[in-house]
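Here is a quick walk through one model, taking charged pairs, the barrel and a helix pair in turn. Have the structure open as you read.

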Amino acid sequence: MMTSLPESRQKRRGSVGVRIGASLVGDRAPVVVQSMTNTDTADVVGTTRQVAELARSGSELVRLTVNNAEAAAAVPKIRDRLAMMGVQVPLIGDFHYNGHQLLADEPAAAEALAKYRINPGNVGFGRKKDTQFSAIIETALRYDKPVRIGANWGSLDQTMVATLMDENHARAEPWEAAHVAREALIRSALDSAARAEQLGMARDRIILSCKVSGVQELIAVYRDLAARCDYALHLGLTEAGMGSKGIVASTAALGVLLQEGIGDTIRISLTPEPGESRTREVIVAQELLQTMGLRAFTPMVTACPGCGRTTSTLFQELAQSVQEHVRAKMPEWRIKYDGVENMTLAVMGCIVNGPGESKHADIGISLPGTGESPAAPVFIDGQKAMTLRGDAIASDFIEVVENYVARKYQGRGSV
């Protein structure tokens, strides 16, 4: 069973709701998982394939780079191909420098995108900044599209920074440089949002983000931002890194903020390892939300880390097989069985914690450790149901899981 929503989130979530396609962001709605393609958007076939892969893995919003005329022209083709495949995920256009021109030149792209992302640090410079920002907002209003105003540590508005540095110099007790930079990031987002509202954009069509690459800096920025506005907020550690470093940094930062009720959409910005699927970032985002008790996406497997009592690798292999099996089955199960994503599984390696942990799960198995009888008791809904033996324990246990799902959740969902 899922735990109840943490009290901090019940109290502190109060952002304005933003509708993006079929997804509601903010207004106490569940936190939404977002990802981004890394294909050349002009490659219609390759980008469509990756968007579909991300959506099927659980990404509820997918962002595309729209950086030139070819990419903009490809957007409606990608949208149409996805529709033919039965993939309805909202597409977000990521614009830098020339978004105003691309949206004007490619109205089909402006219509096909579900949301526009604007970077106030590079939407335009000098006198052109307001003109080009205004042009994107006016296009969004024309096509009734929400916008994300996404400030970024790596592309700060240098005019804003210079102004704040001058103000800081005049203070009796000047701020530290990091504080000034943080304020520049927040002011860039808030001032741009205020300008969008002046142009006619409603608050419930605006999402803000202020991304940095450091964990403590991100926490400080979003705490301050959340205290100063009620816009829906998108969370993400920009340039998080590769592998375990990127996962640890992202979850450390986002976990703190989510627990405090801050954040309405999240992205885990992982650098893919060579040959690794882009869907890794979606799985990490889902697992973060699920382990925190904020959402449920797929049955989770509890497994022990192993010790000198668990010399066999059988429990490790079984835990991996079960997790991979249920994740692969979820697209089918999600349609047939309502609530199956809340199911809990346990694969344990010896008698010390095995039976007890297995009883806490919906289905658990305690495999034999060193010197134990070559038998694996299986517990279902807290009660010992059977004992598995022999070389086919793995396949037998997966069959038990399949039968349990069909029996417990049968008829509760739409078939």
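How many salt bridges does a search of the whole structure find? The search turns up 23, where a salt bridge is a side-chain nitrogen of Lys or Arg within 4 Å of a carboxyl oxygen of Asp or Glu.

Before the details, some ground rules. This is a predicted model, in which local features need pLDDT of at least 70 and side-chain atom pairs count only at pLDDT 80 or more, while totals for chains, interfaces and linings use all residues. Residues are numbered from 1 along each chain as its sequence is written, and side-chain values use heavy atoms, with hydrogens and water left out.

**Salt bridges**

Buried means under 20% relative accessible area, exposed over 50%, and partly exposed in between (1.4 Å probe, protein chains only).

| Pair | N to O distance | Accessibility of each partner |
| Asp 144 and Arg 205 | 3.5 Å | Asp 144 54%, exposed; Arg 205 16%, buried |
| Arg 228 and Asp 224 | 3.5 Å | Arg 228 36%, partly exposed; Asp 224 25%, partly exposed |
| Arg 278 and Glu 281 | 3.9 Å | Arg 278 12%, buried; Glu 281 2%, buried |

Take the salt bridge between Asp 144 and Arg 205. This pair links distant parts of the chain, 61 residues apart: Asp 144 sits in the loop between helix H6 (128-142) and strand S7 (147-152), and Arg 205 in the loop between helix H8 (177-198) and S8. Helices (H or I, at least four residues) and strands (E, at least two) are DSSP runs, numbered from the N terminus. Arg 228 and Asp 224, by contrast, are 4 residues apart in helix H9, so about one helical turn separates them. There is also a network of salt bridges, linking Lys 329, Glu 332, Lys 336 and Glu 402.

**The barrel**

Now for the strands. Eight of them, in the order S3-S4-S5-S6-S7-S8-S9-S11, form a closed barrel with parallel pairing; two strands pair if DSSP finds at least two bridges between them. S5 (residues 91-95) and S6 (residues 115-118), for instance, share 4 bridges in the parallel sense, and Phe 95 has Ile 118 in S6 as its bridge partner. Helix H9 (residues 215-228) lies across S8 (206-211) and S9 (232-235), running at about 150 degrees to S8. Axes are lines fitted to C-alpha atoms, for helices over the stretch in contact, and angles run from 0 to 180 degrees between N-to-C directions.

Why does Thr 37 count as buried? Because its relative accessibility is 4%. Beyond its neighbours within four places in sequence, Thr 37 has contacts (heavy atoms within 4.5 Å) that include Thr 47, Val 51, Leu 64 and Arg 278.

**A helix pair**

Finally, look at H12 (residues 314-336) and H14 (residues 393-409), whose axes come within 11 Å and cross at roughly 35 degrees. On the H12 side, the contact includes Leu 318, Lys 329 and Trp 333, while H14 brings residues including Phe 397, Ile 398 and Glu 402. Lys 329 and Glu 402 are also both members of the salt-bridge network.
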